[in-house]
Amino acid sequence: MRETGVIVGVSVAFSRATVDEIDAAGGDGVRATVSDLLAREGVDEAFAVQTCNRSEAYAVVDRRADGVEALSSFAPDVRGGAVRRLGHEESLEHLMRVASGLESLVLGEDQIIGQIRAAYEESRSAGGIGPVLEDAVTKAIHVGERARTETSINEGVVSLGSAAVELASDETELRGTTAVVVGAGEMGTLAARALDDTSVEEVIVANRTIPNAEFVAGELETEAAAAPLADLGRLLPTAELVISATGSPEPVLERPQFADAGELVCIDIAQPRDVDPSVSELPGVALFDIDALESVTQRTRAQRATEAETVEAIIDEELDRLLESYKRKRADDAISTMYAAADRVKAREVDDAVSKLEAQGELTDDQRETIEAMADALVGQLLAAPTRSLRDAAGEDDWETIQTALELFDPEFDDTPTASEEFDASSPAAFAEEVDD
């Protein structure tokens, strides 16, 4: 028997990587990443997350080498220092931290839990979610929900959009100004709402789809209007602030559009970038990207330090529960397989014995039941001790004992790998240790 269900992960996130490195690791999206992983040898399940701040992928395998090899293509052009590789238990804990907002640029931000849910659905649609990742991701979402309902981790600046507005207020006087928000998606909407709480005079929402821009503008109490992206060249000279947050794969704000911009603060919170980086060379234009939000997010992080400690305790509690659940399932799988093999042997031997006895004279139904009951009792008594040992071994992460017990008590397992071979593949602790090497 080969125990499957070990997770290996890889993360390229803002804490180690630049915006461009995160973009480079993102590939062609969640579905494409999951499909690519599932096509690789030894991968049973796959999950991917891609946001402004991180690109991550996870695979469920039964052999360490398969997991490492499968994920080697995730960020091939990203420098090694920007890539974090995760073993089994690390992956589980990291997913909980991400969903709870502890790994976000804006500590405790709310958007990430919705992004995890969306990534889960996309991964499921691509066929990547099986029993192991089902437990892992749904547990992470549960932890994220607990963090936000049981603590105040998400009070104050809770998104990149609101962080961008706070950065803008540090850089320029907002009173009486015109602000252009490029993009009417989730992040653009959050930025527009954050601007609505400031003293800006007008907010213009520019978007490829005008009805979406009109909807966002209509939600604001500040004077607001909608405009197409084609009007950006005309709008920039009239604005003092631009916050861009589209989902476009290509820049939507090129250098020529800023030719007559004058004094302008431009904050690009899109991933990949919305604004041509060379814009920063223009006189009067101050360009900031996600990396520049660090000063704002550090203030938020300090304010939420106590709440973060409470969230850490929730994660520790839920991680222990999840690990215990995995251990029970792995032990139960091994025990079920052992009993199934024993039942096959029992059935064969009972049939043989009944045939021999019937050759000596017809058996009554009571006699048949007696033989069956005796065989069942023998199986139960013989496997009671190894069953206890298997459960104890699972509780202690002793997967070598599980494999040895299977070999000793399951004569039908002719192709079972040796205990030493299977230990490398099945032990979460050994897996994590070797991945980190």
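Which residues lie nearest the centre of the largest cavity? I looked this up and found Asn53, Glu109, Gln115, Leu160 and Met187, among 14 lining residues.

**Basis.** I worked from a predicted model, in which local features need pLDDT of at least 70 and side-chain atom pairs count only at pLDDT 80 or more, while totals for chains, interfaces and linings use all residues. Residues are numbered from 1 along each chain as its sequence is written, and side-chain values use heavy atoms, with hydrogens and water left out.

**Cavities.** I noted two cavities of 30 Å³ or more. A cavity is a set of points, on a 1 Å grid over the protein atoms alone, where a 1.4 Å probe fits but cannot get out; lining residues have an atom within 4 Å of a point. The largest has a volume of about 100 Å³, volume being the space filled by probe spheres set on the points, which are joined across faces, edges and corners. Helix α5 (residues 111-125) gives the most to this lining, with three residues. Helices here are DSSP runs of H or I, at least four residues, and strands are runs of E, at least two, numbered from the N terminus.

**Core.** I then listed the largest nonpolar core, which has 60 residues; Leu160 and Ile243 are among those that touch the most other members. Such a core is a set of buried Ala, Val, Leu, Ile, Met, Phe, Trp, Tyr and Cys residues joined through side-chain atoms within 4.5 Å. Ile243 is in contact (heavy atoms within 4.5 Å) with residues including Val181, Leu195 and Ile269, leaving aside neighbours within four places in sequence. A second, separate core of 36 residues includes Leu86, Val98, Ile129 and Leu133.

**Asp196.** I asked: is Asp196 buried or exposed? Asp196 counts as buried because its relative accessibility is 17%, the limit being under 20% relative accessible area with a 1.4 Å probe, protein chains only. Asp196 sits in helix α8 (residues 186-196) and touches Glu219, Leu220, Glu221 and Thr222, not counting residues up to four places away in sequence.

**Cis peptide.** I recorded a cis peptide bond between Gln271 and Pro272, with omega about 0°. Pro272 lies in the loop between β9 (264-268) and β10 (285-288).

**Confidence.** I noted a mean pLDDT of 85 for the chain, with 89% of residues at 70 or more; pLDDT is the predictor's confidence in each residue, from 0 to 100. Over residues 411-437 the pLDDT is below 50. Where pLDDT is low, the predicted coordinates should not be read in detail.

Notes:
On a 1 Å grid over the protein atoms alone, a cavity is a set of points where a 1.4 Å probe fits but cannot get out, and a pocket is an open set with protein on both sides within 12 Å along at least five of seven lines; lining residues have an atom within 4 Å of a point. Buried means under 20% relative accessible area, exposed over 50%, partly exposed in between (1.4 Å probe, protein chains only).
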